[in-house]
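Here is a set of questions and answers for someone meeting this structure for the first time. Each answer sets a computed value beside the rule it is judged by.

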Amino acid sequence: MDLSFTPEEERYRQRVRKFMEENLPEGWGKPGFKQPSGDAAIELQREWTRRLHKAGFLGMAWPKEYGGQGASQIELAIFNEEAARVRAPNPINGVGLILVGPTIMSHGTEEQKKRFLPKILSGEELWCQGFSEPNAGSDLGSLRTRAELIGDQFVVNGQKVWTTQAHIADWCILMVRTDPTAPKHRGISYLLVDMKTPGVTVKPLRQMTGGHEFNEMFFDNVRVPRTNLLGELNGGWRVGMTTLMNERGTSAFAVWLRYRITFDELVELGRKQLRHGRRATEDPVIRQQLAQAYIDLEGLRYVSYRTFSQILKGGTPGPEGSISKILWSELNQRMNELAMALQGPASQLVRGSPHAIEEGRWQFTFLRSRANTIEAGTSEIQRNIIAQRVLGLPRSY
Ligand SMILES: Cc1cc2nc3c(=O)[nH]c(=O)nc-3n(C[C@H](O)[C@H](O)[C@H](O)COP(=O)(O)OP(=O)(O)OC[C@H]3O[C@@H](n4cnc5c(N)ncnc54)[C@H](O)[C@@H]3O)c2cc1C
């Protein structure tokens, strides 16, 4: 592919850069800047989303009739690159923008597109993803949350788990079993559920970082209008796969840049830390680990270009997104492990300790990175997808 940008695209980059300079919170990304947490972090993301929307930087590649900008995939990539370069906050409605919007565009009726897409962009309605259940994570096809079609309503009963942002979401994409007698992937439907419907209960789950990103969700005789069925009755598996392909594939390009910045920060940390009386970056073993991380990053960059090229040609990401998912998640874990090793005994000091190195931020990202190889499908599952759907290898079981 041609990796150079046209003069118009370069001008577009300057426009994005100017927006970032003028709109990021004061001191953002500078050493010593304290990132807000909890409710303050959510408020910051909401405000950031409002600014992005006002400036036309959300849903950029979405069609204009649904509130998008009709921008090219290249402009979208430039925006993502610039946002990653300054480590801009994520918009509050990541699930809506990356997962729900593209899925509704692919499978929704005209009425559903007009009803839901503009409010995803404006951030007025936040979404969560109700797929995983206590006994259906990797094997999503085993899901048991039941929806019975009675008249023109589905009546939903069951439980979901690990639902990110369910505690602040207005709507949920919910995969449910509508035909228990059909083979397991054929009896599933995909519903759009208003989280304020009576019978929906959300209970928080606390993570080892101390944060609270996700929840359990319980459905007790929850009534969902038939008009909120996305795609065909019992055809929800295909709709769900569209969601998962978008979850794994589209953001690879920006992810590369984010981890390139993490790598640079890791090298900086190594220059400051001592090992056997010398700077850690002079230690041959550390140098090898840093070199390996750099090589892995370059691999990720080219795989990201390939995924991006695929999107340019076909519009939707394919199973190849699994390759970049494995690369970035495992690389991020290795880089964070190295950050811990570089700090030696001080790696035990977390946020809040006055002696914690860089205010304990590596300790937080180290703990958070453990989830990277689980969320959006585990590494084992991604390897299965690559083996079967990218390489076409036969199943061994
Ligand atoms: C931070 C975070 C956020 C999340 N957010 C959401 C969300 O918003 N919505 C949502 O629906 N879900 C969410 N999840 C859930 C996530 O999708 C699941 O955790 C994931 O799919 C794994 O399912 P599981 O936890 O049930 O593990 P299991 O499926 O029980 O897997 C356990 C282990 O067995 C391995 N394994 C399972 N099957 C196979 C196989 N066929 N071959 C080889 N190995 C296998 C797995 O790789 C894993 O190591 C989130 C998870 C995390 C960590």
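Q: What makes Ile386 count as partly exposed in this predicted model?
A: Ile386 has 17 C-beta neighbours inside 10 Å. A residue is buried with 20 or more such neighbours and exposed with 12 or fewer, so Ile386, with 17, counts as partly exposed.

Q: Where is Ile386 found, and with which residues is Ile386 in contact, leaving aside its neighbours within four places in sequence?
A: Ile386 is found in helix H11, and, once those sequence neighbours are left aside, its contacts are Ser322, Ile323 and Leu391. As for Ala341, which is 45 residues away along the chain, its C-alpha atom is separated from that of Ile386 by 32 Å.

Q: Why is His276 called exposed?
A: The count for His276 is 7 C-beta neighbours inside 10 Å; the cut-off for an exposed residue is 12 or fewer, and therefore His276 counts as exposed. His276 is found in the loop between strand S8 (274-275) and strand S9 (278-279), and its phi is near 50 degrees, a positive value in a residue other than glycine.

Q: What describes the packing of helix H1 (residues 7-23) and helix H3 (residues 73-85)?
A: Two packed helices are described by the angle between their axes and the distance between the axes. For H1 and H3 the angle is about 35 degrees and the axes are 10 Å apart, while the crossing in which H1 passes H3 is right-handed. On the H1 side the contact is made by Glu9, Tyr12, Arg13, Val16, Arg17 and Met20, and on the H3 side by Ile74, Glu75, Ile78, Phe79 and Glu82. This contact of H1 with H3 has six nonpolar, no polar and five charged residues.

Q: Why does the ligand lie between domain 2 (127-235) and domain 3 (251-390)?
A: Both domain 2 and domain 3 give residues to the shell around the ligand, so the ligand lies between them.

Q: What makes up the shell around the ligand?
A: The ligand is surrounded by 20 residues, of which the closest are Phe131, Gly137, Ser138, Thr378 and Glu380. Strand S1 (127-130), strand S3 (153-164) and helix H11 (379-390) each supply at least two residues of the shell. By class, the shell residues divide into seven nonpolar, 10 polar and three charged.

Note on methods: Residues are numbered from 1 along each chain as its sequence is written. This is a predicted model: local features need pLDDT of at least 70, side-chain atom pairs count only at pLDDT 80 or more; totals for chains, interfaces and linings use all residues. A residue is near a molecule or strand if its C-beta atom, placed from the backbone, lies within 6 Å of it. Ala, Val, Leu, Ile, Met, Phe, Trp, Tyr, Cys and Pro count as nonpolar, Asp, Glu, Lys and Arg as charged, and the others, Gly among them, as polar. Domain bounds come from an automatic or database domain assignment. Two residues are in contact if their C-beta atoms, placed from the backbone, lie within 7 Å. Axes are lines fitted to C-alpha atoms, for helices over the stretch in contact, and angles run from 0 to 180 degrees between N-to-C directions. A crossing is left-handed if the near helix is turned anticlockwise from the far one by less than a right angle, and right-handed if clockwise.
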